[in-house]
Amino acid sequence: MKDLDLKNNNCLPMKKFHRRKELTFEIRLYIACIALLDNRWGTITRLAKKYAISRTFVYMLQSELYQATEPVFGVNQLTNHNIYYEAKKQTIKNSLLFRLEGKCSIPSTSDILKRMDLPFNSVGSISQLLNEMGSHLSPTLEWNTDTHLYIYLASDEVFAYSRPVLISVDPVSSAIIKIQLADSRQTSQWIDHFKQLKKNGVKIIKIISDEGISLCSASKTLRESRQPDTFHAISHRLGKWVKSLEKSAYATIQEEYDKLEVFESAKSRQVIQKRLDSYFEAQVKSNNAILLYEDFKFLYNCIIEQLQVFDKQGNPRDRKKAEENIRLSLDLMISLSIPKVKKAINTIYNLLDNLLDYLDVAKKAIWKLKSEGIPEYIIQLFSLAWQHEKNMIKAKQGQRRKHYQKKMEEELKLLEKILEDNFVAIKTKVFSQLNLIVQSSAIVENINSIIRNYLDTSRNHIHQNALNLIMFYHNHRRYKAGKRKGQTPMEILTGKRQEQDWLELLMNKVDIRDI
C-alpha cells in the first residue's frame, strides 16, 4: 500500500514502523535494564503497558542489552544473570513436564506456571521456548553411521487438519524412528522419508503397513520388501461383514416374532391364512439369514486361526498349508450369496503372496532357539504362552482378555515349575526371539493415538519442532505398565541401559543459553 501525496501528486511508500521520539535513548536503556535485571512475574507486561509498547519490543531491548554487556562483565560475574537463566531453566523444565508428560495444552501450562510464580509464563513465551527446544532435536533417529541398524519398520500416517504426519516405528521396541510433518502424502514424500532413514544408517528389513496407495508405491519404487498388515488385510475387511450379517440375522428374527404376534391376533379364517403365510415367509428368511451368518463366521474364524503364528501344540505354522487353507475358506465365502463381499475377498487374494511372510521369520526363530540347546517341548510351551499374551493384548472384550491371560499364566506356571531357577533367563531368551516376529503394524496405530492426544490439546496446530519433542519424550520415557514395563524404547532398541530420566537427557542435550 502507498500514501498519496496530494501536493506533488506522487505515490510515496508508507512506512511500516515509526520511531517514537519520546522514547529517548535513556528511556530505552532503562526499559532494557529493568527487563534484564527484574525477574519478578509481570515485569515485562508492566513495562509494555507503562510505555505503550509491545512485549516483543521489551524482549528485544532486553536481548540487545544482554548481548552488549555479557562479553564485558561475563555471566559468572553477574548474579542476576545466573538467576535469570536458572528461572528460565525451571520454566522450560516445568513446561516440558506439563506439555509432554502431563499432555496439558499450552494455555493450561501457562496457567499452572503463573500459579507457581515462574517467569516466561505467557502462552507466547512457552510456545517459543518449546519451539526452540524442539529445533535442537532431530526428526530422524540419530544412529551411528559406522554401524547399521537392521529393523522391521511399521509405517503409517496421522493427520493434523489436512497435513499428514508420516511416522515410522520399530515394532519390537516401539521406538519412533522418524516423524515428519509433510506437505502431502504423495509418493515422493514417503520416498524422501525412507531415504532419510537410510542416510542415518537404518537398514529396512521389511516394511509392515496397511494398503495406503502412496506408501505402497514408495516401497515398490525403492524396491523395499513389504508385508501387508494382517489386521487391515483380513480382520478390517471381513470382520465388518461378520457384524453386518449378525445384525441382519437378528433383524429377521425380530421380524419373525413380529409376524407371529400379528398372526395370533387374527380372527377370521381368511386373515389367519394370510398372516400364517406371511409368518412362514419370515421364518424361512430368518433361517436363511442365520445360516448365512453362521457359515460366514465359521469361515472367517478359520482364516483368523490360520493367521496364528503357532498351532495348538506350539509348533510354528506351516506357511504353505496356511495359505491353502485361507484360499479354500475364501473360495467358500465367494460361493455364499453375498455379492458385495467379493471385492474385499479379491483384494485379500492379491495380498496373500506376502501376507504370511512372518511365518518364515517364526520358523527361523524356533530353529535358532533349538540350536542354542533349548529343548523342543520348552520352546513349544513358551511359544503358546507368547501367543496367548499376544491374543490377550489384541482382545477387545474383557471376557476374551481374561481367557487368554489365564491360559498364558497356566503355561508360564508350568514352565516355572520345570525350569526353576533358569526360568527367567530362558524366558527372556525365548521371548526376545519371538518378539522379532512382526505380524501387523498395530504398534504404529498406538503411537498415532499417543500423538493424537497432543494434536487435540493443540487444536491440531502442530509444527515439526513439537513433533521432535514428542519423539524424544516417547523414545526415552520409561514404560509404567505392559510387557515393556520398566524399560524405555531406546533401551530395548539399543540394548543399552538408560541411566538418566528423559527430562535430564533433554536438558543436557540443549544449552539454555542458546534459547
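View 1. Five strands, taken in the order 5-4-3-6-7, form an open sheet whose pairing is mixed; strands here are DSSP runs of E with at least two residues, helices are DSSP runs of H or I with at least four residues, and both are numbered from the N terminus. Two strands count as paired if DSSP finds at least two bridges between them. Strand 5 (176-181) and strand 7 (226-228) stand at the edges with a single partner strand each, so one side of each is left without a neighbour in the sheet. From one strand to the next the twist averages 25°, where axes are lines fitted to C-alpha atoms, for helices over the stretch in contact, and angles run from 0 to 180 degrees between N-to-C directions. The model is a predicted one, in which local features need pLDDT of at least 70 and side-chain atom pairs count only at pLDDT 80 or more, while totals for chains, interfaces and linings use all residues. Residues are numbered from 1 along each chain as its sequence is written, and side-chain values use heavy atoms, with hydrogens and water left out.

View 2. Strand 3 runs parallel to strand 6, to which 6 bridges join it, and tyrosine 152 has lysine 206 of strand 6 as its bridge partner. Towards strand 4, by contrast, strand 3 runs antiparallel and is joined by 7 bridges, with phenylalanine 159 opposite proline 164. The hairpin of strand 3 and strand 4 has 2 residues between the strands, and in this hairpin tyrosine 161 takes a positive phi near 55°.

**View 3. The packing of helix 15 on helix 16.** Helix 15 (residues 398-419) and helix 16 (residues 423-434) pack at an angle of about 125°, and their axes are 9 Å apart. That angle makes helix 15 oblique to helix 16, since angles under 35 degrees count as roughly parallel, over 145 as roughly antiparallel, 65 to 115 as roughly perpendicular and the rest as oblique. Helix 15 contributes Leu412, Leu415, Glu416 and Leu419 to the contact, and helix 16 contributes Phe423, Ile426 and Lys427. These residues divide into 5 nonpolar, no polar and 2 charged, where Ala, Val, Leu, Ile, Met, Phe, Trp, Tyr, Cys and Pro count as nonpolar, Asp, Glu, Lys and Arg as charged, and the others, Gly among them, as polar.

View 4. Serine 125 has its place in helix 6 (residues 123-135) and counts as buried at 8% relative accessibility. Its side chain makes a polar contact with the side chain of serine 122 at 2.8 Å; a polar contact is a pair of N or O atoms within 3.5 Å, of which, within protein, one must be able to donate a hydrogen and the other to accept it, and residues adjacent in sequence count only if both atoms are side-chain atoms. Leaving aside neighbours within four places in sequence, serine 125 is in contact with Arg55, Tyr59 and Phe120. Threonine 230, found in helix 9 (residues 230-264), is buried with a relative accessible area of 7%, and its side chain reaches the backbone oxygen of glutamine 439 at 3.2 Å.

**View 5. Methionine 490 in helix 19.** Methionine 490 lies in helix 19 (residues 489-494) and is buried, with a relative accessible area of 13%. Not counting residues up to four places away in sequence, methionine 490 touches Leu141, Asn475, His476, Gly495 and Gln498.

Conventions: Buried < 20%, exposed > 50% of the residue type's maximum accessible area, 1.4 Å probe, protein only. Contact = heavy atoms within 4.5 Å.
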